[in-house]
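Subject: Structure handover

Hi,

Here is the structure for you to look over. My notes on it follow below.

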Amino acid sequence: GLIGSSVMTEVVFSRPGLGKLMVGAMKQRDYTLLQSVMVIYALIIVFINIFVDVLYSLVDPRVRYD
């Protein structure tokens, strides 16, 4: 969902970004670039999830991570 949404947003607003870079890599069969962009997306998702978990534990004191 994240990849499809970023591609659609970049196409609608004519903005360059990782989505257009991925589509270009697919068209040119540049698998190294495609794998790199997928790793970047995965890292972004992991860091956002960690940030939200930490923020949630600070906002709600009933949540404790042991």
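Let me begin with a charged pair. D60 forms a salt bridge with R62, and their closest N and O atoms are 3.1 Å apart. By salt bridge I mean a side-chain nitrogen of Lys or Arg within 4 Å of a carboxyl oxygen of Asp or Glu. Side chains of opposite charge can pair when their charged atoms come close. The structure holds one salt bridge. The two side chains also make a polar contact, D60 to R62, at 3.1 Å. A polar contact is a pair of N or O atoms within 3.5 Å; within protein, one must be able to donate a hydrogen and the other to accept it, and residues adjacent in sequence count only if both atoms are side-chain atoms.

Are the two partners buried or exposed? D60 is buried, because its relative accessible area is 13%. R62 is exposed, because its relative accessible area is 73%. The cut-offs: buried is under 20% relative accessible area, exposed is over 50%, and partly exposed is in between (1.4 Å probe, protein chains only). D60 sits in the segment after α3.

A word on the source. This is a predicted model, in which local features need pLDDT of at least 70 and side-chain atom pairs count only at pLDDT 80 or more, while totals for chains, interfaces and linings use all residues. Residues are numbered from 1 along each chain as its sequence is written, and side-chain values use heavy atoms, with hydrogens and water left out.

Now the overall fold. The protein has three helices and zero strands. Along the sequence the pattern reads α-α-α. The radius of gyration is 16 Å, well over the 11 Å that the globule rule gives for 66 residues, so the protein is more spread out than a compact globule. That radius is taken over C-alpha atoms, and the globule rule is 2.2 Å times the number of residues to the power 0.38. The C-alpha trace spans about 50 × 25 × 15 Å along its principal axes. Of the 66 residues, 15% count as buried. Helices and strands here are DSSP runs, numbered from the N terminus: H or I with at least four residues for helices, E with at least two for strands.

Next, the core. Which residues make up the largest nonpolar core? There are five: M22, A25, L34, V37 and Y41. Helices α2 (18-27) and α3 are the elements that give two or more residues to this core. α3 gives the most, with three residues. A nonpolar core is a set of buried Ala, Val, Leu, Ile, Met, Phe, Trp, Tyr and Cys residues joined through side-chain atoms within 4.5 Å.

There is a nonpolar surface patch too. V39, L43, V46, F47, I50, V54 and L58 make a patch of about 680 Å². Patches take residues with over 30% relative accessible area and no salt bridge; like charges are joined within 9 Å, and nonpolar side chains (Val, Leu, Ile, Met, Phe, Trp, Tyr) within 5 Å. Accessible areas come from the Shrake-Rupley method with a 1.4 Å probe, and for residues only the protein chains shown count as cover. L58 lies in helix α3, which covers residues 31-59. L58 counts as exposed because its relative accessibility is 66%.

A42 counts as partly exposed, at 39% relative accessibility. Its C-alpha is 15 Å from that of S5, 37 residues apart along the chain. At 44% relative accessibility, V52 is partly exposed. V52 and M22 are 30 residues apart in sequence and 27 Å apart in space, C-alpha to C-alpha.

Last, the backbone in the loops. Most residues other than glycine have a negative phi. S14 is not a glycine, yet has a positive phi of about 55 degrees. S14 is in the loop between α1 (2-13) and α2. At 55% relative accessibility, S14 counts as exposed. R29, not a glycine either, has a positive phi of about 55 degrees. R29 lies in the loop between α2 and α3. R29 counts as exposed, at 62% relative accessibility.

Best wishes
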